[in-house]
Amino acid sequence: MLKAVLPGFIRRSLTIQPGVRLLQSVTNPEENEKDLEAIEVELRDGRELQATYDSVASCFAATGFALIKHPTKMLESDWADFAKVKELYLKEIENLVHTQLQLVGDIDSSVSVANRRGPGNLAYARGVHQDYGITDKDYVALMEAYGVDAVGAAWAQQLATDKVRGYCSINFWRSVLPMKGPLQTTLLALLDPQSVAPEDIIETGATGSTPTGKPTVQLGLKYNPEQKWYYFPDMMTDEVLAFRQFNWIKGAANPLATCFHSAFENPNPPAGAEPRHSAEYRVGVWLE
């Protein structure tokens, strides 16, 4: 068990009316501080949890996350080239979706996202969050916020077809070269969605980050001691962590099945631990 501080929880004392989205500024993050709090939480070992399941697929189905042994053919320089990511890495990811996660359905790369984080790249995503909302309407609204209305309309049309049972978006997150050893500094915390009380979920949106000026559609979280947080210690570059970011099944109740997450600092990193270099690649799956 590791104790560490996670930033970005919605303040437990904050009262928000139902149906009102709490907006947070990207351009002036200091404005958000009045609504947020950092809390020390206990993080369980995700490797130990996964060992209690009989397969990668069963762990992913139950918790929304799973670690996969997966050496990649991607070179250090390839991660900066989105065309190279789609050309090479997408094929690897498609294989993992079908063979390791055992999901049945076509891959949707039309809204794929690739981010490289670490020294000289994007900042680490510190702050407890969920990126896509919960409902199909949330997903379409997010596409519209980014000015790709046609993508959102086409997505809704595809979702309505008889062949499609639902849709999920999965983040494939890993440490990457030039790292040579285990990841031991800035780690990733994941929350088991089964441990989240509905009343602790807050509809949020980020302002100042979209071309349309519309806020994004996301979720924030109030802390609850019943929440079960996990991390995967000592990840190597031949491993990838898959976790759900959006999940919608037609005609179902659709309780939360996606993972709140945040970067956090290891409070006791070993001397000489390498700074984190990481990459994430998000793809959708049309579930059949």
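Me: Does Asp136 count as buried, partly exposed or exposed, and which relative accessibility decides this?
Reply: This is a predicted model, in which local features need pLDDT of at least 70 and side-chain atom pairs count only at pLDDT 80 or more, while totals for chains, interfaces and linings use all residues. Residues are numbered from 1 along each chain as its sequence is written, and side-chain values use heavy atoms, with hydrogens and water left out. Buried means under 20% relative accessible area, exposed means over 50%, and partly exposed is in between, with a 1.4 Å probe and protein chains only. Because its relative accessibility is 22%, Asp136 counts as partly exposed.

Me: Which residues does Asp136 touch, not counting residues up to four places away in sequence?
Reply: Asp136 is found in helix 4, residues 136–145, where helices (H or I, at least four residues) and strands (E, at least two) are DSSP runs numbered from the N terminus. Contact here means heavy atoms within 4.5 Å. With residues up to four places away in sequence left out, Asp136 touches Trp155, Leu159, Phe246 and Trp248.

Me: Against which elements do the buried residues of helix 4 pack?
Reply: The buried residues of this helix are Asp138, Tyr139, Val140, Leu142, Met143 and Ala145, and just after helix 4, Gly147 takes a positive phi of about 80°. The packing partners of the buried residues of helix 4 are strand 5 (105–117), helix 5 (149–159), strand 6 (166–175) and strand 11.

Me: Is Gln245 buried or exposed?
Reply: The place of Gln245 is in strand 11. Leaving aside neighbours within four places in sequence, Gln245 is in contact with Gln130, Asp131, Tyr132, Ser169, Asn171, Thr258, His261 and Arg282. Because its relative accessibility is 1%, Gln245 counts as buried.

Me: How many residues does the largest nonpolar core have, and which have the most contacts inside it?
Reply: A nonpolar core is a set of buried Ala, Val, Leu, Ile, Met, Phe, Trp, Tyr and Cys residues joined through side-chain atoms within 4.5 Å. The largest such core has 34 residues, and those with the most contacts inside it are Phe9, Leu43, Trp229 and Phe264.

Me: Which element gives the largest share of this core?
Reply: The elements that give two or more residues to this core include strand 1 (2–10), strand 3 (36–45), strand 7 (186–191) and strand 11 (239–249). The largest share, 5 residues, comes from strand 7.

Me: How far apart in space are Thr27 and Gly208, C-alpha to C-alpha?
Reply: Thr27 lies in the loop between strand 2 (22–25) and strand 3, and with a relative accessible area of 54% it is exposed. Not counting residues up to four places away in sequence, Thr27 touches Thr207 and Gly208. Although Thr27 and Gly208 are 181 residues apart in sequence, their C-alpha atoms are separated in space by 5.8 Å.

Me: What is the radius of gyration of the chain, and what would a compact globule have?
Reply: The chain has 5 helices and 13 strands, and 53% of its 288 residues count as buried. The radius of gyration is taken over C-alpha atoms, and the globule rule is 2.2 Å times the number of residues to the power 0.38. For 288 residues a compact globule would have a radius of gyration near 19 Å, which agrees with the value for the chain, 18 Å.
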